[in-house]
Structure formats: C-alpha cells, structure tokens
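Look at the model below, with its sequence alongside. The text that follows walks through it piece by piece.

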Amino acid sequence: MLASRFENIEVAERALHDLCATAGCDGDQLYWVVTALREAMANAVRHGNRLQPERKVHVDLSVDPGAVTIRIDDEGEGFDPSRIPDPTQPENLLRPSGRGIFYMQQFMNHVQFSRAPGGGTSVLMVKNLQPTTRSADDEEPTSRSR
Amino acid sequence: MKSQLRDRGDVRIVELSGKITIGSGDVKIRELIDESLAAGKKNIVLDLAGVSTIDSSGIGEMVACYTTVTKKGGHLKLLRLSPKINDILQVTQLITVFDVFDDEAEAVRSFG
C-alpha cells in the first residue's frame, strides 16, 4: 500500500523488477510490463486519488513462470474507462492526454477495470510470459497476440 | 531526466536523457521548449537518443509542445528514437505526426 505520490511509481517499479528477476521475465517482456505498471500507477495517483497522499494505492504483484499479474486499486470515485476516446483517431492525435489506458491494453494480454472495494477503481492486468526471451528491440508490440 | 541545449544555426537542439515520466521529465520538456521559444528559437529538434523510458505523460507533453511550437510558426522534430520509443509512437499513430530523423545534420537541413 503506497501513498499517492509520483515517487511511489518508482517504488512499485523496483518491486516488479525484483519479482520478475526471479521468474525469468526480462528484456522486452519486462520493459512493456513495467510500462503498463507505470501507467496504471500514474492513473491511480493522479486521476483516482487526485494526488492526495492520505489516499492509498493498493498494489498487488504476482509473478509465476507463466504470467505476470498486476492489480492496482485506488481510493478515488471510480470512472468509466469506456468514456476515454480512442487516442489513435485522427481527431484525438494531438490531445495531450488520454493514452495511458491505451498503452496498458497494447502491452498487456488482459486488462480489466472494476470497482474497488472502497469505491475507487481497480485494474487487473495480466501478461502471459513467452517461454523464451527474445533480444531487446526486435519485438513489435503492435504485432503481439493479445 | 537530464537535458542539454545547443544551437546549430537557427535550429535549437534539445538533447534529453533518462526518464521522461509523470511528475518530472514531462514538465521539464515544457520548460525547455518555452525557454527555446522565448530565445527566438522556433525550429527545434528533440534528440531522444539518451531517453530510457517515456510514459504517456511524457508523450503527451511532447504532443503539447508540438502544438505550441506549430502555433508559434515553428517546427518541432524528433531525432534518434530508440526502438522502444519508436514502438510507443507507432501504436498511438503519433509517428504520423512527428518528423523523425536518425541523423542530426539531416534533421537540421530539413528546416530549409
């Protein structure tokens, strides 16, 4: 459980790095999973808890040989992710915000939003781990199966 | 995030390195661009070769800076994207918005 500060995104990232190291998740897979974690944490801190440090971000990370599972709960008012416009539509390309959830959906195999027990937003993300790690930079996220 | 500014003729080169992420690097980009515009530098190249991580806030700030520079009659172009940052721009179609170069001299010449 972390206070709603941007610095704590780094704390969650380090914890995920440590866990993934034990499961052989590294290289490209780790990079994109960390990117998704950072986006979910940023949403919880800024949009969910509105930068109020007394509101906590609940972080649950689990890594096994087959998958990385991340659950992030905030203590905000909740929101409807379907109301976020598609950032790839021409009319939205120059919007300065609204890409975080899209990135999470691109880089993870499963992303599900629900109501957190306290009324905030809960996001569950799963990344299925490939049996072999390819070298960095030779994998296109756009071409991955979801 | 660390940064360094230098000029090649009328073109401002903004070298960035480290993380461009929420709460730190994203705000810094805006300050660097505002500083360049205030100095009369409207043609700007962002050299991202040293950037290890960028998140949606950093991307959003780059887009906002692109809009600001364009409205001032200038151009903001990108130089030396890592494959990861290239991927991040590709999936959101932003690669179609920015002019991207691998060679600094070529980027500078492109301003005409």
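A:L51 sits in the loop between helix 2 and strand 2 (56-64) of chain A. Helices (H or I, at least four residues) and strands (E, at least two) are DSSP runs, numbered from the N terminus. A:L51 is not a glycine, yet its phi is positive, about 60°. It is partly exposed, with 13 other C-beta atoms within 10 Å. Burial is a neighbour count on C-beta atoms placed from the backbone: 20 or more others within 10 Å make a residue buried, 12 or fewer make it exposed, and anything in between is partly exposed.

This is a predicted model, in which local features need pLDDT of at least 70, side-chain atom pairs count only at pLDDT 80 or more, and totals for chains, interfaces and linings use all residues. Residues are numbered from 1 along each chain as its sequence is written, while chains are lettered from A and ligands numbered from 1 in the order in which they are written.

Step back to chain A as a whole. It has three helices and five strands. Read from the N terminus, the order is β-α-α-β-β-α-β-β. Buried residues account for 36% of its 146 residues. Take the contacts between residues at least 6 apart in sequence: in chain A, 68% of them join residues at least 24 apart. A contact here means that two C-beta atoms, placed from the backbone, lie within 7 Å.

How do helix 2 and helix 3 of chain A cross? Their axes come within 9 Å, at an angle of roughly 150°. Axes are lines fitted to C-alpha atoms, for helices over the stretch in contact, and angles run from 0 to 180 degrees between N-to-C directions. Helix 2 and helix 3 of chain A are therefore roughly antiparallel. Angles under 35 degrees count as roughly parallel, over 145 as roughly antiparallel, 65 to 115 as roughly perpendicular, and the rest as oblique. The crossing of helix 2 and helix 3 of chain A is left-handed. A crossing is left-handed if the near helix is turned anticlockwise from the far one by less than a right angle, and right-handed if clockwise. Helix 2 of chain A brings A:W32, A:T35, A:A36, A:E39, A:A40, A:A42 and A:N43 to the contact, and helix 3 of chain A brings A:G100, A:Y103, A:M104 and A:F107. By class, this contact of helix 2 with helix 3 of chain A holds seven nonpolar residues, three polar and one charged. Ala, Val, Leu, Ile, Met, Phe, Trp, Tyr, Cys and Pro count as nonpolar, Asp, Glu, Lys and Arg as charged, and the others, Gly among them, as polar.

Now the interface. Chain A and chain B contribute 21 residues each to their contact. On the side of chain A that touches chain B, helix 2 (27-48) and helix 3 (100-107) of chain A each supply at least two residues. Helix 2 of chain A gives the largest share of that side, five residues. The side of chain A that touches chain B divides into 10 nonpolar, six polar and five charged residues.

Buried residues make up 44% of its 112 residues. Of the contacts in chain B between residues at least 6 apart in sequence, 72% join residues at least 24 apart. The C-alpha atoms of chain B fill a box of roughly 30 × 25 × 25 Å along the principal axes.

Two helices of chain B pair up. The axes of helix 1 (residues 25-38) and helix 2 (residues 56-71) of chain B come within 8 Å and cross at roughly 15°. That makes helix 1 and helix 2 of chain B roughly parallel. Their crossing is right-handed. By class, the contact of helix 1 with helix 2 of chain B has seven nonpolar, four polar and three charged residues.

Just after helix 3 of chain B, B:Q93 takes a positive phi of about 70°, although B:Q93 is not a glycine. B:Q93 lies in the loop between helix 3 (83-91) and strand 5 (100-101) of chain B. With 15 C-beta neighbours inside 10 Å, B:Q93 counts as partly exposed.
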